[in-house]
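Student: Could you help me learn to read a protein model? I would like to go through it one feature at a time.

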Amino acid sequence: MFGPGGRCIVVVGAQWGDEGKGKIVDIMSQHADLVVRYQGGANAGHTVVCGKEQFILHLVPSGILHQSALCLIANGVVVDPNTLIEEMEALEQRGTEVEGRLLVSDRAHLVLPYHVLLDRARERTGNIGTTGRGIGPAYEDKYGRRGIRVGDLRDGNRLRELVRINVERANRLCEMLDFSERADLADHLRLLERVGPRLLPLIADTGLLIHEAIKARRNVLLEGAQGTLLDVDHGTYPFVTSSSTTAGGAATGSGIGPTSIEAVLGVVKAYTTRAGTGPLPTEARDEVGERLRELGGEYGATTGRPRRCGWFDAVVASYAARVNGITQLAVTKLDVLDTVPSVPICVGYELDGERMDSFPADIGSLDRIEPVYEEMEGWATYTADARRPEDLPRQARAYLDRIAEMIEAPIAYVSVGSRRDQVIQFN
């Protein structure tokens with residue numbers, strides 16, 4: 001997708017997250033000059049398999065595994081400083097150079113232990129199914145105008161006062177929620193004294209760097225986390241994340257104008273999964289769902305929780321294409337369906353006996369809809385060794401063609417395994 005003259009491309013998840021964005025970003029990063037993470041926090045888990053090694057990245061952009069890419073954590077991300085440093089050190093111990101290749105926006109907000117504490121306190125009484133990493137409370141502080149930003153690390157006196165105020169507030173909230181644990185101010189100050197020297201050299205105006213790279217016609221890849229149906233505005237609210245996961249969020253979260261984005265690559269699995277609670281219209285609640293989970297290794301990279309599995313939902317994917325302005329598709333985990341004799345695709349919904357082809361906003365309707373399926377012939381052929389479109393069996397090509405037809409976007413990549421080399425590039 002990158003060509004001569006440079007481009008700015010967004011990679012978004014077009015389902016409920018866990019679509020395999022990490023692998024696709026890793027593949028595209030070999031041609032990128034900048035790889036930018038634009039939203040979310042350490043609740044994300046992008047898995048990349050290089051040879052016999054597996055890397056699970058939570059905050060560091062997937063492009064870090066390519067020496068040519070400069071990686072940026074942009075202003076839309078909420079950064080747990082302890083997790084970031086641990087991830088950097090783990091990469092360095094495995095031979096991946098990080099120094100001089102990773103920068104963090106001075107406008108990004110920090111996730112601190114009191115955020116994690118509040119997350120646990122609230123999850124006791126709610127049923128959203130968060131990862132418990134403090135992401136929601138950190139975004140609440142950001143939009144409540146009481147957040148602490150990465151750039152605040154430069155001013156020790158201001159930082160200590162901000163932390164004191166927020167720790168006291170968090171403890172009052174814990175008391176109101178009848179939660180016995182409390183945040184300790186001294187522990188927070190010691191943490192920041194420890195991580196500050198490591199993070200200070202990484203702080204930059206990342207939005208300016210991205211803008212300058214685009215002006216210079218360099219290749220810029222904007223990497224999203226989670227998926228469109230977890231977007232705080234466009235997802236299955238309230239069972240959503242706390243940030244904007246869409247291509248529109250990429251502009252806001254990276255500090256560039258929307259006209260700078262030239263293409264949007266939507267990533268979908270060849271079936272559908274969801275972690276945690278919330279609507280999943282095509283969920284297979286029988287042994288078929290269990291089989292898909294085991295064949296696909298559907299366990300969260302961040303939490304280890306088993307994912308719910310079901311058939312491909314073209315209503316969801318079409319909705320995601322509309323919301324994001326998807327121009328091309330990447331389909332992952334096609335190989336998981338190799339042994340499935342017949343592959344259903346959801347092509348519409350029925351609600352109270354009426355056919356509907358658009359994705360409803362309200363949870364009540366989503367709880368009552370019945371998927372309308374179109375049966376596709378399975379291929380019963382091992383696809384993991386396919387490297388060209390013509391290597392795929394006829395039935396698999398027909399399945400992919402039908403997905404592209406319903407979403408109205410051409411396919412650019414198909415992944416047929418977890419390794420970096422198990423990918424088919426179209427066109």
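Student: Is Thr 272 buried or exposed, and what is its relative accessible area?

Tutor: Good place to begin, and keep in mind that this is a predicted model. A residue is called buried when its relative accessible area is under 20%. Thr 272 has a value of 1%, so it is buried. You will find Thr 272 in strand β12, which covers residues 272-274.

Student: Which residues does Thr 272 touch, apart from those up to four places away in sequence?

Tutor: Among them are Gln 15, Trp 16, Leu 280, Thr 282 and Arg 308. Thr 272 also touches Trp 311, Phe 312 and Asp 313. Look at Trp 311 in particular: the side chain of Thr 272 reaches its backbone oxygen at 2.8 Å.

Student: How do I read a sheet? In what order do the strands of the ten-stranded sheet come?

Tutor: Start with a general idea about strands: in a regular one, side chains alternate between the two faces of the sheet. Here ten strands form an open sheet with mixed pairing, in the order β9-β7-β5-β2-β10-β1-β11-β15-β19-β20.

Student: Which strands stand at the edges?

Tutor: Those are β9 (203-204) and β20 (423-425). Each has a single partner strand, so one side of each is left without a neighbour in the sheet.

Student: What packs on the sheet, and which strands does it touch?

Tutor: Helix α8 does, touching β1, β2, β10 and β11. The direction of α8 makes about 120° with that of β1. Two of those strands are partners: β1 (residues 8-13) and β11 (residues 263-269) pair in the parallel sense over five bridges.

Student: Now β16, please. Why is it described as largely enclosed by the rest of the structure?

Tutor: Count its buried residues: seven of the ten in β16 are buried, so the strand is largely enclosed.

Student: Which strands pair with β16, and in what sense?

Tutor: Let's take them in turn. Strand β14 (residues 312-313) pairs with β16 in the parallel sense over two bridges, and Asp 313 has Cys 346 as its bridge partner. Strand β18 (residues 370-377) pairs with β16 in the antiparallel sense over eight bridges; Tyr 349 and Pro 371 are bridge partners there. Strand β17 (residues 354-356) runs antiparallel to β16 and is joined to it by three bridges, with Leu 351 bridged to Glu 354. β16 and β17 also form a hairpin with two residues between them.

Student: How do I read two helices that pack together? What is the angle between α5 and α6?

Tutor: First, the general idea: an α-helix has 3.6 residues a turn, so residues three or four places apart point the same way. In this model, α5 (residues 156-176) and α6 (residues 185-199) pack at an angle of about 145°, with their axes 10 Å apart. The crossing is right-handed. From α5, Leu 159, Arg 160, Val 163, Arg 164 and Val 167 meet Leu 185, His 188, Leu 189 and Leu 192 of α6. Sorted by type, the residues of this contact are six nonpolar, one polar and two charged.

Student: What should I look for in the backbone angles?

Tutor: Most residues other than glycine have a negative phi, and most peptide bonds are trans. Now for the cases that stand out here. Arg 217 has a positive phi of about 60° and sits in the loop between α7 and β10. Lys 333 has a positive phi near 60° and is found in the loop between β15 and β16. Asp 352, in the turn of the β16-β17 hairpin, has a positive phi of about 55°.

Student: Which residues does the cis peptide bond join?

Tutor: A cis peptide bond joins Tyr 237 and Pro 238, with omega about 10°. Pro 238 lies in the loop between β10 and α8.

Notes
Residues numbered from 1 in each chain as written. Predicted model: local features only at pLDDT ≥ 70, side-chain atom pairs only at ≥ 80, totals over all residues. Heavy atoms only, no water. Axes fitted to C-alpha atoms, helices over the stretch in contact; angles between N-to-C directions. Helix = DSSP H or I, 4+ residues; strand = E, 2+ residues; numbered from the N terminus. Left-handed = near helix turned anticlockwise from the far one by under 90°. Contact = heavy atoms within 4.5 Å. Nonpolar A, V, L, I, M, F, W, Y, C, P; charged D, E, K, R; others polar. Buried < 20%, exposed > 50% of the residue type's maximum accessible area, 1.4 Å probe, protein only. Pairing = 2+ DSSP bridges. Polar contact = N/O pair within 3.5 Å; in protein donor to acceptor, adjacent residues only side chain to side chain.
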